[in-house]
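Thanks for coming, everyone. I would like to walk through a few local features of this one, so please have the sequence and the model open.

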Amino acid sequence: MSTTDPDGPDGTGGPDALLGPADIRELAAALGVRPTKQRGQNFVIDANTVRRIVRTAEVRPDDVVVEVGPGLGSLTLALLEAADRVTAVEIDDVLATALPTTIAARMPERKDRFALVHSDAMKVRELPGPPPTALVANLPYNVAVPVLLHMLERFPTIERTLVMVQAEVADRLAARPGNKVYGVPSVKANWYAEVKRAGAIGRNVFWPAPNVDSGLVSLVRRAEPLKTTASKEEVFAVVDAAFAQRRKTLRAALAGWAGSPVAAEAALVAAGVSPQARGEALTVEEFARIAENREAGK
């Protein structure tokens with residue numbers, strides 16, 4: 001069954017390969033799929049929304065896109081329209097089995113450009129085919145940040161990322177130092193990329209409709225890695241310590257990390273950071289400088 005989308009790819013409003021609300025429900029019923037809260041499943045049922053996501057992600061004809069949590073394939077089909085190839089990572093047994101069939105039925109001319117990895121995204125270490133250049137995903141709310149950070153770390157060829165996440169998570173990821181929601185996700189995402197909010201998504205484009213709003217977050221990988229002699233693990237250890245007790249000054253919050261409040265103060269002073277500052281005021285570059293100066297207090 002085809003849907004008709006007035007904003008079809010050629011602007012003619014003819015039969016469309018993308019999934020509409022009736023298609024999604026019919027497919028789910030045929031598969032016996034009921035979206036589960038446990039896996040944060042909320043399927044996008046609006047073709048215009050998935051096309052908007054693809055446009056916002058600036059997917060190019062030569063892109064190799066990796067998608068996490070494709071579900072029934074709404075976004076997957078839109079990505080296949082625009083990219084050179086798409087690799088989808090799906091943990092759900094039923095959905096992983098059904099997706100290649102859906103692709104073959106609705107977009108047969110592109111089926112050879114699609115690959116499926118049946119796995120937990122957090123356990124993915126490699127992907128089939130050419131290295132991915134973009135990550136575009138409607139991420140399950142309960143695992144959005146760890147999955148995003150894992151994919152950015154594991155696949156350094158990913159240049160551009162656009163993820164749809166819970167609005168609150170989107171705000172956190174894109175927050176700047178000094179913002180009250182600036183925290184661990186903000187700093188760690190900034191280690192890899194320039195991060196910004198890229199739009200809002202209403203609840204009515206999902207089935208079932210979630211009880212929270214969603215937001216789009218754009219991440220463009222840094223052209224060059226952050227200049228620091230500290231490792232990512234060393235920097236992230238400082239970040240975790242600083243925000244574990246975010247109301248405390250860094251002198252106190254980093255005491256465990258450095259060995260004592262005095263050692264923490266020495267590392268902070270050597271890094272050019274006030275011992276009385278709090279983690280929410282620091283950039284990722286400043287956290288890196290603190291990590292570099294850990295030995296200053298020894």
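Predicted model: local features only at pLDDT ≥ 70, side-chain atom pairs only at ≥ 80, totals over all residues.

The axes of helix H2, residues 47-56, and helix H3, residues 74-82, come within 9 Å and cross at roughly 50°, where axes are lines fitted to C-alpha atoms over the stretch in contact and angles run from 0 to 180 degrees between N-to-C directions. Helices here are DSSP runs of H or I with at least four residues, and strands are runs of E with at least two, numbered from the N terminus. The contact, meaning heavy atoms within 4.5 Å, is made by Val 50, Arg 51, Ile 53 and Val 54 of H2 and by Ser 74, Leu 75, Ala 78, Leu 79, Glu 81 and Ala 82 of H3.

Residues are numbered from 1 along each chain as its sequence is written, and side-chain values use heavy atoms, with hydrogens and water left out.

Turning to the next pair, the axes of H3 and helix H4, residues 93-106, come within 11 Å and cross at roughly 50°, which makes H3 oblique to H4 as well. Here the contact is made by Thr 76, Leu 77 and Leu 80 of H3 and by Leu 99, Ile 103 and Arg 106 of H4.

Finally, Asn 42 is found in the loop between helix H1 (21-31) and strand S3 (43-44), and Asn 42 counts as buried because its relative accessibility is 16%, the cut-offs being under 20% for buried, over 50% for exposed and partly exposed in between, with a 1.4 Å probe and protein chains only.

Technical notes. Parallel < 35°, antiparallel > 145°, perpendicular 65-115°, else oblique.
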